[in-house]
Amino acid sequence: MNRIFHDYLDKFVIVYLDDILILSRTVEEHVAHLDKILNLLRQHKFKINGEKCDFGRTRTFYLGHEISAEGLKPDDAKVASIRDWPRPLSVTEMRSFLGMTGYYRNFVQNYSIVAAPLTDLTRLDSPWEWTNKCETAFRHLKHALTHHEVLKLPDPDKPFVVSTDASQYGIGVVLVQQEGKKLRPVEYMSKKMPSQKLAKSTYEELYAIYMALTHWRHYLLGRFFYIRTDHQTLKWMRTQPMLSDALKRWIEVIEQHDFVPQYIKGEYNKVADALSCRPDFSGALITEFGLADNVTRSMVEAYREDPFMSEIIRRLEAKDKVTFAEFELANGLLFLEKAGNKRLCVPNRESLRSLFLGECHDATGHFGFKKIAASLLQWLWWPTMMRDAKLYVETCQVCQRDKPRTQAPLGLLKPLPIPERPGESLSMDFMDTLVTSKSGMCYVYVIVDRFSKYVRLVAMLATAKTEYVIRLFKENWVRDFGLPKSIISDRDVRFTTAESRSCRTGHVVANDIRQSQRRMGRQSR
């Protein structure tokens, strides 16, 4: 059906399996739409049951909803069944009740938060225990669905407004549009917090915005709209130099949309209050240098122990003009000011510098020392920052264990071809015997026939030159067995010099210089 009505879907026709809904503004438009749909069905040889069809209705029922000019609301028969639903006595009955109410969750504000005690009963690790919270949630859901709002049908010609709110229990979002002087809800959406870590951070407001834009992507993407929130998350998120991977994914989705944030005054009005517990940049360093009390005390104490920093503080207290041009002392903390950028000076105490390095490196993806130092330089400063960052990364166990290889992967092994007859291919190498004879011989020239494994050992001087090696080869092998077709050796200079190559060329010998030492090692032993 979707393929047949592809050109008209979501324009004036909606299809779910074999249920076709045609929407029109006037009677004339409705007749024209019907003519197009019936012609398409005829072309594709579909038949319709006239007894199951309604034409020219101003109010109709579709997929458990009543649709009219007033808006969208649940079917009264379904609402009555929810109103008369008995208290569930088992997990199976609870899942049936939640399945029915969940289908109409768009009509219930903060549905996930309200139904949380009931959904917890369906968990495998949760015992069945009907508490007062469960009874309250059960009654609340039934009351909310029997006293529901009539949702406004979305109007593509009017801008949407997304209102978000979040708490430690979950998020609640509503999509509204202007109708007259009032805002009417188009749809409600809610969701429980996926983790306690997220619930206890200030990310829940950004998470609410992300979930709203994802849920209503089909309404909002490509259209201008407004976001109303009581938290200025969208303001500070655009200015942060370092963000976690989850925040980056959320921001990537948010930045795809065209909207204007509208901040509503509330208990989270002051940005500093919310930012004071942000862990994304650093567990200790906060925007505008709002440090935790214990870190601040440690830094003030460490300034006195650091000769370099203490000298700067002494000059500031002595009103030195040169020092005043670069440094500033505020609330016991020392700052470096350059090009309008204020950086916090970190004293020479290993625990403090490791704290900032660790938060910047470990919490943001284990990047290289240059990127870590560049990020730190936006907020912090100490004389040996680059060197300390490099040492920290080099000693990071995670980086050493998991860092990718920068060199090309090793190629596949290529075994040497097997000779067809004796004397066809030779292997050569030199071996140090560690013993010197009376005549001064301490090396052995090893020649091995690769087919028969026949070996000839020739004593030689350690200082033997290329000409001498060529003469030994001729006297101890060529004279008795003739010339081989190929020679396998390492890259010893006596095998790769011009004299050696010219000798082999003159005797029409192809020398295959390869790294093949295993066979020679066995023969030597």
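Start with the largest nonpolar core: it has 30 residues, and Val162, Leu175, Trp216, Leu220 and Phe225 touch the most other members. Keep in mind that this is a predicted model.

**The cores**
- Helix α8 gives the most, with nine residues.
- Zooming in on leucine 220, and skipping residues up to four places away in sequence, you'll find that it touches Phe160, Val162, Leu175, Leu213, Phe225 and His257.
- There's also a second, separate core of 29 residues, and Tyr303, Ile313, Phe327 and Phe335 are among them.

**The four-stranded sheet**
- This open sheet runs in the order β11-β12-β13-β14, and its pairing is mixed.
- At the edges sit β11 (327-330) and β14, each pairing on one side only.
- Strands β12 (residues 333-338) and β13 (residues 341-345) run antiparallel and are joined by four bridges.
- Lysine 338 has asparagine 341 in β13 as its bridge partner.
- Helix α14 (residues 307-317) packs on the sheet and touches β11, β12, β13 and β14, with its direction at about 85 degrees to that of β11.

**Tryptophan 381**
- You'll find tryptophan 381 in strand β14 (residues 380-381).
- Tryptophan 381 counts as buried because its relative accessibility is 16%, and buried means under 20%.
- Beyond its neighbours within four places in sequence, tryptophan 381 is in contact with Phe308, Met309, Phe327, Leu336, Arg343, Leu344, Cys345 and Val346.
- Valine 346 is 35 residues away along the chain, yet its C-alpha atom and that of tryptophan 381 are separated by 6.2 Å.

Key: Residues are numbered from 1 along each chain as its sequence is written. This is a predicted model: local features need pLDDT of at least 70, side-chain atom pairs count only at pLDDT 80 or more; totals for chains, interfaces and linings use all residues. Side-chain values use heavy atoms; hydrogens and water are left out. Helices (H or I, at least four residues) and strands (E, at least two) are DSSP runs, numbered from the N terminus. Buried means under 20% relative accessible area, exposed over 50%, partly exposed in between (1.4 Å probe, protein chains only). Contact means heavy atoms within 4.5 Å. A nonpolar core is a set of buried Ala, Val, Leu, Ile, Met, Phe, Trp, Tyr and Cys residues joined through side-chain atoms within 4.5 Å. Two strands pair if DSSP finds at least two bridges between them. Axes are lines fitted to C-alpha atoms, for helices over the stretch in contact, and angles run from 0 to 180 degrees between N-to-C directions.
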